[in-house]
Amino acid sequence: MWKRIELHNHTIESDGAMTAAELVDYLEKQGISAFSLTDHNTISGFPKVEEKLASHSSPVEFVKGFELTSYYGHLLCQNVSAYIPWDDIDEENGDLLFVRVHEAGGLAGPAHPFSIPSPFSNGMRWSMKIHDLRLIDFIEVVNNAHPMDPDNHAAILWWEDLIFSGFNICPVSGMDLHRPIHMEGFFTTYILVKEEDSSLPLSIKLDRAIRTCSACVTRGPVLDWELTPHGLKIFLEDNPSHQERSYLCQLRTRDHVLTFSLKEEILLKDVPECLLSCRAATLMLFEDKTEMSYLTAIARPLLLR
């Protein structure tokens, strides 16, 4: 089962335009039943969201997070119930912050890592050195408040390079929501939830999905795959945005790109030769042209070794 979750949202507790209660109402009206609260450098919105959800038995679920915001980049922290101190931040050692988030039981990943740098937008671009890349749980490969080129394109390529190098890092997207907007046509994140886990808290579902790279970033259908005895099956999952149309799909490794048409499902018989000697591969779905401006979906990576 694929579950939609919006992972990057702000309220008036930082620089957003909606109160915590208004954010819940807005997301519910948009048909969004799962989100993370990620205000800048504060967790003050947590009790306000909880109060709102309890007041009218809302079906909406949320996970606690915040966006650690510095002059050296923004770090999205998910599944954290307490504030993460960062007064001793060190541009030469970003590992410190990741370790603190992990010690608090949370997940951490850079937000919009290739945003326009200073002097135009101080601190928006990720510049902290990460010495142990295994500390990165996820990367916000698409931030809907930033352009595909060059910002998101560069983030996708960075994520791909790390995947190809053997790092199990989950791709996610974010609305970076600050005020009500019409949300159709933007990228969103779907996490894969096993049937036996369907009754678990959202925080556990998110944790398991991130740690196993089981997420799809899409502004259309969910793109997924399965290795079978007969080959690699690639298919589109039904969801409200799915349309009966043909897409272009790319199976990508560090050294090879295989492009083919995909409508509902395709079986690449046996194992494609380009996968035989690589650590990992990525799958991307495009409309009309295989250019990033036509990108529709990024599947969970194929982790082969």
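**View A. His 112 is buried at a relative accessible area of 3%.** Here buried means under 20% relative accessible area, exposed over 50%, and partly exposed in between, with a 1.4 Å probe and protein chains only. The model is predicted: local features need pLDDT of at least 70 and side-chain atom pairs count only at pLDDT 80 or more, while totals for chains, interfaces and linings use all residues. Residues are numbered from 1 along each chain as its sequence is written, and side-chain values use heavy atoms, with hydrogens and water left out. His 112 sits in the loop between β5 (107-110) and β6 (138-143); helices (H or I, at least four residues) and strands (E, at least two) are DSSP runs numbered from the N terminus. Phi of His 112 is near 30 degrees, a positive value in a residue other than glycine.

**View B. Asn 79 also has a positive phi, near 60 degrees.** This residue belongs to the loop between β4 (73-78) and α3 (95-103). With 13% relative accessibility, Asn 79 counts as buried. Most residues other than glycine have a negative phi, and most peptide bonds are trans.

**View C. A cis peptide bond joins Asp 149 to Pro 150.** Its omega is near 5 degrees. Pro 150 is placed in helix α4 (residues 148-164).

**View D. Helix α2 (residues 46-55) has the buried residues Phe 46, Val 49, Lys 52 and Leu 53.** They lie on the same side of α2, because they cover an arc of only 130 degrees around the axis; the arc is that of the directions from the helix axis to the C-beta atoms. An α-helix has 3.6 residues a turn, so residues three or four places apart point the same way. The buried residues of α2 pack against α1 (20-29), β2 (34-37) and β3 (61-70), where contact means heavy atoms within 4.5 Å. Glu 51, Ala 54 and Ser 55 are exposed, on the face turned away from the buried side of α2. Just after α2, Ser 57 takes a positive phi of about 50 degrees.

**View E. Val 172 in strand β7 (residues 170-174) counts as buried at 1% relative accessibility.** Leaving out residues up to four places away in sequence, Val 172 touches residues including Leu 7, Phe 138, Val 141, Thr 189, Ile 210 and Val 217.

**View F. Three strands form an open antiparallel sheet in the order β10-β11-β14.** The edges are β10 (222-228) and β14 (265-269), each with a single partner strand, so one side of each has no neighbour in the sheet. On average, neighbouring strands of this sheet are turned by 20 degrees against each other, direction ignored; axes are lines fitted to C-alpha atoms (for helices, over the stretch in contact), and angles run from 0 to 180 degrees between N-to-C directions. Strand β11 (residues 231-237) pairs with β14 in the antiparallel sense over 4 bridges, pairing being defined by at least two DSSP bridges between two strands. Lys 233 stands opposite Leu 267 in β14.

**Setting of the views. The protein chain has 5 helices and 17 strands.** Buried residues make up 54% of its 305 residues. Among the contacts in the protein chain with a separation of 6 or more, 70% come from residues 24 or more positions apart. Along its principal axes, the C-alpha trace spans about 55 × 45 × 35 Å.
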